[in-house]
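Dear colleague,

My notes on what was found follow directly after it.

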Amino acid sequence: MSWFWKSLYDSAATFWGALWALVLGTQEFGRASLRSAALAALFGGASSSCSYAAVAAVFCPFMYGNDMGLGAAAPPVRLSEVEHGSPDYGRLVALRDEILRRPLGLAFSAEQLDSEREAHHVACFLGEEIVGCLVLTPQENGRVRMRQVAVREAVQGRGIGRALVKYAEALGRRLGGREMVLHARETAVGFYERLGYVKVGERFFEVTLPHWEMTKRLG
Ligand SMILES: CC(C)(COP(=O)(O)OP(=O)(O)OC[C@H]1O[C@@H](n2cnc3c(N)ncnc32)[C@H](O)[C@@H]1OP(=O)(O)O)[C@@H](O)C(=O)NCCC(=O)NCCS
């Protein structure tokens, strides 16, 4: 093989090896977990070049900031109920407004907020900041309604939504509930399914968006 063909062959082989490492590494980083970081490092190593691993390592902070996406595994959160009308309740409503209402061009009315006096308001604190919330209302026949589930956008995908729902289920049981019910936005149906909820009935519209009724036994 002449030097020309040999160098062409070597370039193509190198490109092919780099492509797999980068494509697979990028796909994995998209999931932002410890497993992803480990796999991406493996792809970097398997490509036999530190430069590929370096590219993958540089890519992550650009996507996820300084915590390299590894904080996804276990953010140090605290969950607790907050009292209706308290300053923390005001912060919860601000978060609900930011995540669930303003993007739809809607806002809470004073009557709506007043009508949830008897409900249980759950907040998720990350340090001093409230990063997640939900509202729980016991109903008849052992049913508990969960609504207003929201996680601050910057920390979504890190298990905070799951922690909130688990907390709500335990609280629902303590309140004597046997079944959790909710109206899920169609975009969040997969989230609830991961946590054992099932769809019931037909798709319907609420606050301008397609929704599904979902339910789970609180065994
Ligand atoms: C939906 C929401 C509450 C989920 O909270 P989160 O903290 O991002 O979710 P988590 O990280 O706890 O995810 C738990 C699991 O559900 C999955 N998941 C999260 N959001 C999902 C979605 N929209 N669709 C499908 N699966 C989803 C996660 O991948 C994770 O899966 P795993 O079991 O493989 O780990 C949050 O993304 C949010 O506030 N979205 C905007 C408001 C909204 O739609 N609220 C629901 C109104 S009904």
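Just after helix H6, Gly-176 takes a positive phi of about 90°; helices here are DSSP runs of H or I with at least four residues and strands are runs of E with at least two, both numbered from the N terminus. The model is a predicted one, in which local features need pLDDT of at least 70 and side-chain atom pairs count only at pLDDT 80 or more, while totals for chains, interfaces and linings use all residues. Residues are numbered from 1 along each chain as its sequence is written.

H6 itself covers residues 160-174, and its 15 residues reach 21 Å from first C-alpha to last, close to the 21 Å expected at 1.5 Å a residue, where the expected span is 1.5 Å times one less than the number of residues. Among its buried residues are Leu-164, Tyr-167 and Ala-168, buried meaning that 20 or more other C-beta atoms, placed from the backbone, lie within 10 Å of a residue's own.

Turning to the sheet, it is open, with 7 strands in the order E1-E2-E3-E4-E5-E7-E6 and mixed pairing, two strands being paired if DSSP finds at least two bridges between them. E1 and E6 (198-206) stand at the edges with a single partner strand each, so one side of each is left without a neighbour in the sheet. E2 and E3 pair in the antiparallel sense over 7 bridges, and His-120 stands opposite Leu-136 in E3.

With kind regards

Note on methods:
Buried ≥ 20, exposed ≤ 12 C-beta atoms within 10 Å, placed from the backbone.
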